[in-house]
Amino acid sequence: MGTEIYELLNTKSVMEQRQLEKFQSAGGSQLQEFCSHKTRDSCRRARGTHRACGKLHFRKIIQQHTDENLGDCSFLNTCFHTDTCKFVHYEIDTQREVDTSSQRQSNKNKPSSGVVSSHKLIPAQWVNCDIRILDMSCLGKFSVIMADPPWDIHMELPYGTMGDDEMRQLNVPALQDDGYIFLWVTGRAMELARECLTLWGYERVDELIWVKTNQLQRLIRTGRTGHWLNHGKEHCLVGVKGNLPVNRGIDVDVVVAEVRETSRKPDEVYGIIERLSPGTLKVELFGREHNCQPNWLTVGNQLQGVHLVEEDRAEKFLARYPNGEQDLFARKIVPSPAPLLPPR
C-alpha cells in the first residue's frame, strides 16, 4: 500500500505534463548522471562484469605527494593547492564503453526548438563599464534584474569591493517599473541586501538557495567563506515591483550545483528565470563574459566593449554616451586595486 501511495503522489497530472513539455530542453536533456561508484574500476567490481555502466565516471589524479589514505579533497577540481594538497583529486574519465547511438538517435527525433515558437530570442548583449558611474536610465527597462554585487563582507579579499553606501545609491529603480529582481547575497550582506531592496522599491517575496557541491556532487564542508561556520550555500533574494504576469509554481527554490570558478553562479538559474518570464529581456549587473546569454543584457567591468543589437536601445545609449566605452571609465569614485568581483 505504501508503494502504491508513493506512485500516486509522484504521477504527473495532465497540466503538469503539459508544462513539462512546454519547457523541455532542446534536443532532449543534455545532463549526464554520475555513477555512484565514481571510477570505472569500482563500477566494474560492483557490477561483477568487465564493462562499466553508461553513466559519467571519474579518474583519480594521483601525484607524488598524494596520500590516498586521506580520502577525497573537499574542493576537488576547485582546489587552489593541487600542487601540494595531499588529498585525492579527480578528473572526468572520457573513455567510452557503451554504444550511445540509440540515445543520439532519440535526441534527433525530438523538437529542435527549446522554446515556444511565440517567444522572442534576442541575441546576447553587453556593456563594459564601471557600474558605479553608469547612468542606468539609458539602458531602458527590463522584466527581470539579476545582480551579484561585490559586497564588502569585512574579510581580506584579493579584489575590489563596493561600500555599503555605494550599494544603496545604485540607481537600480531606473531599470524597472514592473518585474522581479534576483539579488545574490552572502554573510553580513544579508541584512544590507534586504535594506537595498526596500530602498530600490521592491518587496522581498522569496529566496533561492544554491547548495554547493564538488566535482563528485558531494557537499562542500570546508567552505572558503564564513566567520563562524563554513558556508556551503549561497542565498539569492527575490524581490518584486509592480505587477508583471509570470509563470508561477514551475520551479523550486533550491538549486544543487557544482562550484566552478570564483563567483560563477549555477547555469540552472538562467533556466529558472527564463521559465518565470519567457521571451522577455533581462539585465544582469556585475556580470562577466560567461554570463552573456540570449535575452540578457550583461553589465560589468570585465566585458569586451559595448554590444547592443536592439536599435532603439543602442540609440538611447549612444545619445547618452557618444564615445561609448571611453565615457564609462572616465571617472572613478573609489580607486580599486583589482576588478570588482563578488566575494565568494
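Residues are numbered from 1 along each chain as its sequence is written, and side-chain values use heavy atoms, with hydrogens and water left out. Because the model is predicted, local features need pLDDT of at least 70 and side-chain atom pairs count only at pLDDT 80 or more, whereas totals for chains, interfaces and linings use all residues.

The protein holds eight helices and 11 strands, where helices (H or I, at least four residues) and strands (E, at least two) are DSSP runs numbered from the N terminus. Of its 344 residues, 42% count as buried, a class that means under 20% relative accessible area, with exposed meaning over 50% and partly exposed lying in between (1.4 Å probe, protein chains only). The accessible surface comes to about 19,500 Å², of which 50% belongs to carbon and sulfur atoms, as computed by the Shrake-Rupley method with a 1.4 Å probe, for which only the protein chains shown count as cover for residues. Among contacts (heavy atoms within 4.5 Å) between residues at least 6 apart in sequence, 74% join residues at least 24 apart.

Nine strands form an open sheet with mixed pairing, in the order 8-6-7-5-4-9-10-3-11, two strands being taken as paired if DSSP finds at least two bridges between them. Strand 8 (254-258) and strand 11 (306-307) stand at the edges with a single partner strand each, so one side of each is left without a neighbour in the sheet. Strand 6 (residues 203-213) pairs with strand 8 in the parallel sense over five bridges, and Lys 212 stands opposite Ala 257 of strand 8. Strand 6 is also joined to strand 7 by eight bridges, in the antiparallel sense, with Gly 239 of strand 7 as the bridge partner of Arg 204. Strand 7 (residues 233-241) is largely enclosed by the rest of the structure, because eight of its nine residues are buried. Seven bridges join strand 7 to strand 5, again antiparallel, and Gly 179 is placed opposite Lys 241 of strand 7.

Further along the sheet, strand 10 is mostly covered, with five of its five residues buried. Trp 296, Thr 298 and Gly 300 point one way from this strand, while Leu 297 and Val 299 point the other way. Strand 10 pairs in the parallel sense with strand 3 (residues 125-128) over four bridges, Trp 126 having Thr 298 as its bridge partner. Strand 9 likewise pairs with strand 10 in the parallel sense over four bridges, and here Val 283 stands opposite Leu 297. The buried residues of helix 7 (residues 268-276) are Val 269, Tyr 270, Ile 272, Ile 273, Glu 274 and Leu 276, and their cover includes strand 4, strand 5, strand 6, strand 8, strand 9 and strand 10.

Trp 210 is placed in strand 6 and is buried, with a relative accessible area of 2%. Its contacts, not counting residues up to four places away in sequence, include Trp 184, Gly 232, Val 255, Arg 264 and Pro 266. Trp 184 and Trp 210 are 26 residues apart in sequence and 9.9 Å apart in space, C-alpha to C-alpha. The side chain of Trp 210 also reaches the backbone oxygen of Ala 257 at 3.1 Å.

The structure holds 22 salt bridges, each defined as a side-chain nitrogen of Lys or Arg within 4 Å of a carboxyl oxygen of Asp or Glu. In one of them the side chains of Arg 218 and Asp 72 meet at 3.2 Å, N to O. Arg 218 lies in the loop between strand 6 and strand 7 and Asp 72 in the loop between strand 1 (57-61) and strand 2 (89-93), so the pair ties together parts that are 146 residues apart in sequence. Arg 218 is partly exposed at 40% relative accessibility, as is Asp 72 at 26%. A further salt bridge, at 2.9 Å, N to O, is formed by the side chains of Asp 135 and Arg 320; this pair links the loop between strand 3 and strand 4, which holds Asp 135, to helix 8 (residues 311-320), which holds Arg 320, across 185 residues. Asp 135 is partly exposed, with a relative accessible area of 23%, and Arg 320 is partly exposed at 41%.

Methods. Polar contact = N/O pair within 3.5 Å; in protein donor to acceptor, adjacent residues only side chain to side chain.
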